[in-house]
Structures are given as C-alpha cells and as structure tokens.
Amino acid sequence: MKRPILPGSTGPDGRPATLGVMGGGQLGRMFVQAAQAMGYFTAVLDADPTSPAGLIAHYHIDTGYLDEQGLAQLMQRCAAITTEFENVPAPALRTLGAHRPVAPDADAVAVCQHRAAEKAQFRRAGIPCAPHAAIETDADLAAADPALLPGILKTATLGYDGKGQVAVESPAALAEAWAALGRVPCVLERRLPLAAEISVVVARDAGGTVVHFPVQRNLHRAGILAVTEVPARGIDEATQQRALQAARAVAESMAYVGVLCVEFFVLDDGSLVANEMAPRPHNSGHYTIDACDLSQFDLQVRTTAGLPLVAPRLHSPAVMLNLLGDLWFDAAGAERTPPWPRVLALPGVHLHLYGKASPRRGRKMGHLTVTAPEAGQARAVALEAAALLGLPPF
Ligand code: ADP
Ligand code: MG
C-alpha cells in the first residue's frame, strides 16, 4: 500500500511500476498516455478486447469488472489503481482498495453513481441543485409534486450522454415515462431555464490539497457535450468564483482523492445550480491536454501515484469540439473520412482520435482542441473547423 509510487521505479518483478485503470474507454486511454509519458507501465481492465485504452496499455485484462480472476490479475500487476468510468461497480473498487491504493475510492464513486445520492452530497456541501424527488414506487409517483413539472425523469443510475432521460410535461406523461424507463429507480427534476452550462475539474490529494482548472463553458446537443470553451465566454467572474468554490467544497465534503468534475447550470436569473459530478476526468476537460501546462490526466496520474499536486495553468485560450461518429457519414449515409487535411491546415488545431474501429452516430470517436493566443481567435478557428466538418456553428 506504499505511496508515492515513484516514476521510474520498478516493482517486485523488476518491471517498471505499473498504474492500473478500471475501464478502457477514451478517458482511460488518455490516462494511459499521461502515465506512460512519466515512465509508468499501465494496465487496463475492460472486457472489450479492442477498447481504446486496452489497445495501448502494456497489459490488458479483458474480463468483466467483477471477475475475481481479472481483479486479482490487476492487483498483481499494479502498484495503484484508478477508474475512468463511474459505473465500475463499487464492490470491485472495494475489493481492489483492500489491497492497493485506489483513487477515487469506492465510497466516492458510489455517490456519483446514484443521482439521488449525488444531490444529497451537493446539499451536504451547501450547494444548491434542481428541485427534485425520488421516483421508486407507485406511491412516489402518486405523490410527485406537480411543482416539479415540466420536468425531466432521469434513471437514478447508469445514465450518460442524455440516455435514460425523458422530458415530462404532465402527471400522466410522468407515469408513462416511468413505465418506458422500466420502472427502475428514477429522479424527477424540475426543468430549469438554463442561460449556460459550465463545469469545473478539480483534483484533491490525500493530504487535502485541492487544485482546479479554469471554469469551462459547455454546449450540449441532444444531451451530448458538443463544444467546450475556456475561458468560459460570457460567464461573469463572480459566477465563476462560486462554481470553483462549490467544486472544491464538494470534493472536501467527500474527502475525495482523485480528479473530480462538477457540472453546473447557470440559470436565467444568474443563480448557479449543481447538475451532476463525475469521479474522474471529464470530456469537458479534454482541452487541458493542449491548453494547460498540466492536463486533467496528468493530475489523475499524480493522485493515483500519490505524487504532489500543483495548480495547473491555462497557457492558451481553447475551444474543444467533440467528434461524434456522425462525422464519418456523408449526407447520403455512406461512410467517409472527415476532411482532416483541411482541418489540420488551420492554425492551433490538435486532433485526438480514440482508436475506435467502427464509427456510429452519437459515438465519441475523438475531439479536437483549438488553441490560440487570444480567445476570439480560438473561437474563429474552431468555427472554421466546425464548418469544414459539417458541424453547426455555436
Ligand atoms: P448525463 O448524465 O446524460 O450527462 P445530465 O443530467 O447532465 O445527464 O443531463 C444532460 C443534459 O440535459 C444537461 O447537460 C442539460 O443540457 C440537460 N438537462 C439536464 N437536467 C436538466 C434540468 N433539470 N433542466 C434543464 N436542462 C437539463
Ligand atoms: Mg451531464
């Protein structure tokens, strides 16, 4: 259980010290890249034999998250373990945590896995969230406060990218929506008038040091993040400070160790409401790779290995565009390659592809970050890139 796990050190088998990650998606891939840059070996546990992170890790254990042999192998390989996916079952992290340093720990991940628990945590930390009620039984349904309508019914667990959500206007629609979601535990939230969406990525170490990236402004399309802009265009300084304070407060309230992202709504009246949080680096923090001196994945490596945290610095304004599988299809529905040479001819474009073999509509295939000396320039180039790719302006 010894930390720090020093870069360049070797394990008992004489091989470089290995950091492990539960989950093999693009976030795991970027963690692996950051860990490898510091000389660590890496291990990924993910059942998919072609997972983006597994493809580039030194070791890929292709079992399910709860497979005892898989977990044993991961522990045998790794000096410390992190997670890239909030739906890794908490019991798997608990098993690992009994034998190895695991950051974030099972309890923190469990809170983020359940929308009601997450909102309760925000409240404990003194952070407002949307008016809501748990819908778990017919009695809850019958008792649902009409003041929560029009609302959004969200599954309490396993939702992402707007999946597991239904907009509801009336009590009858609420009953139908709950049936359509399979009567699983849900949270009904009042639909709020959003002026903007922002998020904050923080990292906290075991000694209680908290550092943060700047506030990001996010645009979602059809429930999926489409664009992140930093500095957060049009968000006043006082609101940004409140968001930073709130993100720090919630990390402290959980004695959280690792990288945490908190999403917020800025409402039409200027008030700030926490939406949800992710116990890991976040899509809205991908720009940190190219626009900051330390990325969210660098900080994940540090919190996993038990190395010092220092405040990251934004060195360039940036705009990030998500690249969904839709871009790999032309208007007639035939597969195509996006026009990379034209996009890469623009100044300050950093292209990241995740190594996913088959594009599907709505699937996150990659992202690109535009950096520039000045925010207006980053935005102008990002708009050009978007136009070349066939993405709507923002
Ligand atoms: P996911 O886990 O899919 O990201 P979110 O709860 O963040 O789920 O919802 C996805 C998006 O839906 C949000 O980014 C926001 O644009 C919109 N949304 C969610 N909840 C509300 C709400 N209460 N009022 C208005 N818009 C909402
Ligand atoms: Mg969200």
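Analyst: Glutamine 121 is buried, with a relative accessible area of 5%. Buried means under 20% relative accessible area, exposed over 50%, and partly exposed in between, with a 1.4 Å probe and protein chains only. This is a predicted model: local features need pLDDT of at least 70, side-chain atom pairs count only at pLDDT 80 or more, and totals for chains, interfaces and linings use all residues. Residues are numbered from 1 along each chain as its sequence is written, chains are lettered from A and ligands numbered from 1 in the order in which they are written, and side-chain values use heavy atoms, with hydrogens and water left out.

Glutamine 121 sits in helix H5, residues 115-124. Helices (H or I, at least four residues) and strands (E, at least two) are DSSP runs, numbered from the N terminus. Beyond its neighbours within four places in sequence, glutamine 121 contacts Val111, Val250, Ser253, Met254 and Met277. Contact means heavy atoms within 4.5 Å.

At the start of H4, a side-chain oxygen of aspartate 105 comes to within 3.2 Å of the backbone nitrogen of aspartate 107. A polar contact is a pair of N or O atoms within 3.5 Å; within protein, one must be able to donate a hydrogen and the other to accept it, and residues adjacent in sequence count only if both atoms are side-chain atoms.

Alanine 103 and proline 104 are joined by a cis peptide bond, with omega about 0 degrees. Proline 104 belongs to the loop between H3 and H4. Most residues other than glycine have a negative phi, and most peptide bonds are trans.

Threonine 83 lies in strand E4 and is buried, at 1% relative accessible area. Its contacts, leaving aside neighbours within four places in sequence, include Ala103, Pro104 and Val109. The side chain of threonine 83 also reaches the backbone oxygen of phenylalanine 85 at 3.0 Å.

Now the metal. Glu263 (OE) and Glu276 (OE) coordinate the magnesium ion (ligand 2) at 1.9 to 2.5 Å. Glutamate 263 is in strand E13 (residues 258-267) and glutamate 276 in strand E14 (residues 272-278), so the pair ties together parts 13 residues apart in sequence. Donors are N, O and S atoms within 2.8 Å of the metal (3.2 Å for Na, K and Ca); water is not among the atoms, so sites may look incomplete. Glutamate 263 counts as buried, at 11% relative accessibility.

Lys154, Gly162, Glu197, Asn275 and Glu276 come nearest of the 19 residues around ligand 1. A residue is near a molecule if one of its heavy atoms lies within 4 Å of it. By class, this shell has five nonpolar, five polar and nine charged residues. Ala, Val, Leu, Ile, Met, Phe, Trp, Tyr, Cys and Pro count as nonpolar, Asp, Glu, Lys and Arg as charged, and the others, Gly among them, as polar.

A backbone N or O atom of aspartate 161 is 3.0 Å from an oxygen atom of ligand 1. A side-chain N or O atom of glutamine 165 is 2.8 Å from an oxygen atom of ligand 1. A backbone N or O atom of arginine 190 is 3.0 Å from a nitrogen atom of ligand 1. Alone, ligand 1 exposes 540 Å², and the protein buries 89% of that. Strands E6 (151-155), E8 (186-190), E9 (194-204), E13 and E14 each give two or more residues to the shell around ligand 1. Accessible areas come from the Shrake-Rupley method with a 1.4 Å probe; for residues, only the protein chains shown count as cover.

Aspartate 161 deserves a backbone check. It has a positive phi of about 50 degrees although it is not a glycine. Aspartate 161 lies in the loop between E6 and strand E7 (165-168), and is partly exposed at 22%.

Finish at the loop between E13 and E14, where aspartate 268 is found. Aspartate 268 is exposed, at 56% relative accessible area. It touches Pro193, Leu194 and Ala195, not counting residues up to four places away in sequence.
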